Amino acid sequence: MKRLVTILLIILVTQNFCAAQFRKQRDRITNLYNSAASDSDKVIALGQLADLYYTYQLYQQADSILNEQLSIADISDNNNLTLLVLFGPAITNISSSASTEHFEKTIAFLEKGIDFAKSKNQYNYLALGYTRMAGILRERGQNDKALYQATQALQILPNVKSDSIKAVIYIELGNSYQARGEAVSAIRNYNNAFDIAIKLKSIPLQSTIYHCFSELYFVFLNNKDVAKDFIKKSLALNKQYNYVEGLISDYYDLSRITDERSYLEKSIALSESHQLYKYLLEAKKLKLLYYFVNDKNSDKALEYLENEPDVKASYINPGIGNYYRIKGQIYLYSNKPDSALTYLHQAKYDFVKNFDERSIRALFREIAECYQLLNDIPQSIAYYTKSLAIYKKMNEIKFIASISVSLSSLYANKENYKLAFEYSQQAKQYNNTLGQLSKERDIALLDVERENKKHEEEVRQEQQLVKNKRNIQYMAITIAIAVIFIIMLIIGMFPVSKFTIKILGYIFFISLFEFIVLLIDTFLHKVTHGEPLKIWLIKIVLIAMLVPLQHLLEHRLTKFLESRKLLEARTKFSIKKWWLNMKKPAPVKEADFEEDTAVL
């Protein structure tokens, strides 16, 4: 307890700004921790606190909470508690804007979890650790390393017992392949994950995979219509099952794809009404982008940034450079390069000191654009050159071509036609590469469609086999019930005890009415979408109706069989007598006898 108080005091001292929503959540979780009676309850409360800090990008504070969790787990000497700490969901919320130091700490924490799971032969957790490591590396742009980690998870798939984790492995493999531009491999893994999600009837997993499909078409294959269709499928699914977090994500991504702000407002409203602040924060940040990227309205964007404390805090918390940069971007997109340059230079110091090249390259390009707008050619060339070197290192062809065009124009203005020509040729070369990539993208789109059709046909055939098997079983049950009824009637024709008749009647009606309930149950799950309360209430009404009917019919049939009417009917109607009558010769007529007899 003393340690937690110390940590919280450090947080309060170091945190200069704290939104009301954040304070409210933090205080609620702290109270949960203080009232916790067991180590597991304390660990769960601290996990929620770590998740909160990651959401608001307070990574230093989050790291302290994670260490406190581990201390409690170590003291309790409980392996399950240690696994709960090492594989909590908090670290998955790390943002791409995190500093190099925080990324390295997160990776070290994941490695600790992987090593612990490996030492305990906990394959489910080990696979989860590899997939999370892949996700973190993707955030840093290290796509080859990310694919390697995802492949490590795939290799232990036969030892993984949890189907949901198997689906997560395939999702991360798909994401890793997508990051490398391998669309067909990505779609295959997404399809594998979706098959598992369907079998599990997991709405969150299905919704997540629809978003993966959408992102592949939107970002890589450049097909907004298909991307939108996948989100619409997710939206219909989440509406059907009232999955709120899925709905929030659906509206958010629909807004990204279509630029329709009405979707974004729905995402914000749902997040606020259900107090899901992680989604609310992301939606508000997207709203800020609309103000200065789409509207080019710096005044409105700056007003929104300053009047939304949680949004402002989310930029300040990971490093003051992020806050200065967003203000610089607001002025740059609003065509105010003077003001933009002031803030971008303020951001530069923090970025160079604390962030990796992946973050710095874009900042240098933005500074170069400001100088170009101000017609400061030497400074613009200097920053474009720095940015270009990093983009070349990361082989980002689109930006290499764009910057080469700008440098060619700038050198032409300086009358350095040799370098202007060289950069012009470089731009032409990389634009040709982009054209080739565009053709390859079109081919990849055809391959993806072919893969989807192939998968759909396989699914259709599998569903048909399941349907045929189900229909055969229904037919077998129907025949079995009919056979029991016929046997019961045949036995009723013989002198058997009343007890035997009652037993047969009981078996027949139990079989018949359970079959009816089975048919109704299948229909109920479709109508109620598997909601237990609705099924329970409807079944009470149905059983209240069916049980008296069953008893009535059972009583009447049993009474009929006990009356021996079938026995009497069988006695009067004998198959043997009927057959002998059929075989008995016809009687000789008297007239015929007289005709055939001689008179003596």
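This is a predicted model: local features need pLDDT of at least 70, side-chain atom pairs count only at pLDDT 80 or more; totals for chains, interfaces and linings use all residues.
Reader: Which residues of α15 are called buried, and what makes a residue buried?

Author: Buried means a relative accessible area under 20%. In α15 that group consists of Tyr-277, Leu-280, Leu-281, Ala-283, Lys-284, Lys-285, Leu-286, Lys-287, Leu-288, Tyr-290, Tyr-291 and Phe-292.

Reader: What comes on either side of α15?

Author: Gln-275 sits in the loop between α14 (261–273) and α15. Gln-275 is not a glycine, yet its phi is positive, about 55°. After α15 comes Lys-296, with a positive phi near 55°.

Reader: Why are α3 and α4 called roughly antiparallel?

Author: The axes of α3 (residues 39–55) and α4 (residues 59–76) cross at roughly 165° and come within 8 Å. Angles over 145 degrees count as roughly antiparallel, and therefore this pair is given that name. As for handedness, α3 passes α4 in a left-handed crossing.

Reader: Which residues meet where α3 and α4 touch?

Author: From α3 they are Asp-39, Lys-42, Val-43, Leu-46, Gly-47, Leu-49, Ala-50, Tyr-53 and Tyr-54. Their partners in α4 are Tyr-59, Gln-61, Ala-62, Ile-65, Leu-66, Glu-68, Gln-69, Ile-72 and Ser-76. Sorted by class, this contact holds eleven nonpolar, four polar and three charged residues.

Reader: What makes α20 a mostly covered helix?

Author: Twelve of the 17 residues in α20 are buried. They are Ser-359, Ile-360, Arg-361, Ala-362, Leu-363, Phe-364, Arg-365, Glu-366, Ile-367, Ala-368, Cys-370 and Tyr-371.

Reader: What covers those buried residues of α20?

Author: The cover includes α18 (320–333), α19 (337–354), α21 (377–393) and α22 (397–413).

Reader: How does the length of α20 compare with what is expected at 1.5 Å a residue?

Author: Helix α20, residues 357–373, reaches 24 Å from its first C-alpha to its last, close to the expected 24 Å. Following α20 is Asn-375, which has a positive phi near 65°.

Reader: Does Asn-222 count as buried or exposed, and why?

Author: Exposed means over 50% relative accessible area. Asn-222 has 59% relative accessibility, so it counts as exposed. Asn-222 lies in the loop between α11 (203–220) and α12 (224–241). The phi of Asn-222 is near 55°, a positive value in a residue other than glycine.

Reader: And Gln-206: buried or exposed, and how do you know?

Author: Gln-206 has a relative accessible area of 7%. The cut-off for buried is under 20%, so Gln-206 counts as buried. Gln-206 is placed in helix α11.

Reader: What is Gln-206 in contact with, leaving aside its neighbours within four places in sequence?

Author: Its contacts are Phe-194, Ala-197, Ile-198, Lys-201 and Leu-237.

Reader: Stepping back, how many helices and strands are in the chain, and what share of the residues is buried?

Author: The chain has 28 helices and zero strands. Of its 600 residues, 43% are buried. Among contacts between residues at least 6 apart in sequence, 62% join residues at least 24 apart.

Terms used:
Residues are numbered from 1 along each chain as its sequence is written. Side-chain values use heavy atoms; hydrogens and water are left out. Buried means under 20% relative accessible area, exposed over 50%, partly exposed in between (1.4 Å probe, protein chains only). Helices (H or I, at least four residues) and strands (E, at least two) are DSSP runs, numbered from the N terminus. Axes are lines fitted to C-alpha atoms, for helices over the stretch in contact, and angles run from 0 to 180 degrees between N-to-C directions. Angles under 35 degrees count as roughly parallel, over 145 as roughly antiparallel, 65 to 115 as roughly perpendicular and the rest as oblique. A crossing is left-handed if the near helix is turned anticlockwise from the far one by less than a right angle, and right-handed if clockwise. Contact means heavy atoms within 4.5 Å. Ala, Val, Leu, Ile, Met, Phe, Trp, Tyr, Cys and Pro count as nonpolar, Asp, Glu, Lys and Arg as charged, and the others, Gly among them, as polar. The expected span of a helix is 1.5 Å times one less than its number of residues.
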